[in-house]
Amino acid sequence: MDVSLTLIVVMAVLFACGVYAMLERSLTRVLIGFLLLGNATNLLLLIVMGVPGNAPFYGETDVSDPLPQALTLTAIVITFAVSAFLLALIYRSWQLGQADTVEDDEADIALRERTDADEDVLDDEGDTQDEDVTTDFVGVQTAPITVLHTRDHPSIQDDAPVDSPYGPRRTDDGEDRP
């Protein structure tokens with residue numbers, strides 16, 4: 001398989017620029033980064049496809065592999081759908097605050113101001129509570145799921161076949177039933 005080094009370098013640069021752009025606070029830059037990642041993925045699938053007209057792993061046929069082509073079409077559709085969703089988020093953010101940046105809220109600020117001692121205290125608090133309890137239904141008298149049988153309610157017909165580890169069972173008329 002002869003792949004152009006130029007395609008590999010362009011794909012790597014698109015991946016790097018896309019990841020860098022997605023780490024920004026601006027939603028528009030996140031959208032641009034996502035579009036770059038989508039194009040880099042399409043290039044990756046184009047590289048994996050191999051030489052046009054030949055199958056990528058076995059070169060004796062004149063048919064190219066349809067799987068990378070189908071994956072490329074799927075990647076295009078997914079990129080379009082997520083881009084439309086991000087555009088709607090950007091538009092709504094602009095309508096509400098005249099900006100497309102993601103601001104820190106109180107929880108983000110509190111998390112950033114936490115120290116290592118606070119983290120240790122939080123870790124210790126989680127270890128001391130209910131170490132022997134293995135269920136969420138502590139103190140509940142009934143189980144969350146109740147299996148009803150024929151003896152529990154007269155309208156239940158319990159005639160479904162049941163697997164038995166001991167071999168076939170005998171029916172009422174004396175025949176073996178699996």
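User: Does Val13 count as buried, partly exposed or exposed, and what is the relative accessibility behind that?

Analyst: Bear in mind that this is a predicted model. Val13 counts as partly exposed because its relative accessibility is 44%, and buried would need under 20%, exposed over 50%. As for where Val13 sits, look in helix H1. That helix covers residues 5–22, 18 residues in all. From its first C-alpha to its last, H1 reaches 26 Å, close to the 26 Å expected at 1.5 Å a residue.

Val13 also has a part in a surface feature: together with Leu5, Ile8 and Val9, Val13 makes a nonpolar patch of about 350 Å².

Now for the buried part of H1. Met11, Leu14, Gly18 and Ala21 are the buried residues there. Looking down the axis of H1, you'd see these buried residues fall within an arc of 100°, so they line one face of the helix. What do they pack against? Their partner is helix H2, residues 27–49. Over on the other side of H1, Leu5 and Tyr20 are exposed.

Ala75 counts as buried because its relative accessibility is 12%. Leaving out residues up to four places away in sequence, Ala75 touches Thr41, Asn42 and Leu45. Take Leu45: Ala75 and Leu45 are 30 residues apart in sequence, yet 9.3 Å apart in space, C-alpha to C-alpha.

Technical notes:
Residues are numbered from 1 along each chain as its sequence is written. This is a predicted model: local features need pLDDT of at least 70, side-chain atom pairs count only at pLDDT 80 or more; totals for chains, interfaces and linings use all residues. Side-chain values use heavy atoms; hydrogens and water are left out. Helices (H or I, at least four residues) and strands (E, at least two) are DSSP runs, numbered from the N terminus. The expected span of a helix is 1.5 Å times one less than its number of residues. Buried means under 20% relative accessible area, exposed over 50%, partly exposed in between (1.4 Å probe, protein chains only). The arc is that of the directions from the helix axis to the C-beta atoms. Contact means heavy atoms within 4.5 Å. Patches are made of residues with over 30% relative accessible area and no salt bridge: like charges are joined within 9 Å, nonpolar side chains (Val, Leu, Ile, Met, Phe, Trp, Tyr) within 5 Å. Accessible areas come from the Shrake-Rupley method with a 1.4 Å probe; for residues, only the protein chains shown count as cover. A salt bridge is a side-chain nitrogen of Lys or Arg within 4 Å of a carboxyl oxygen of Asp or Glu.
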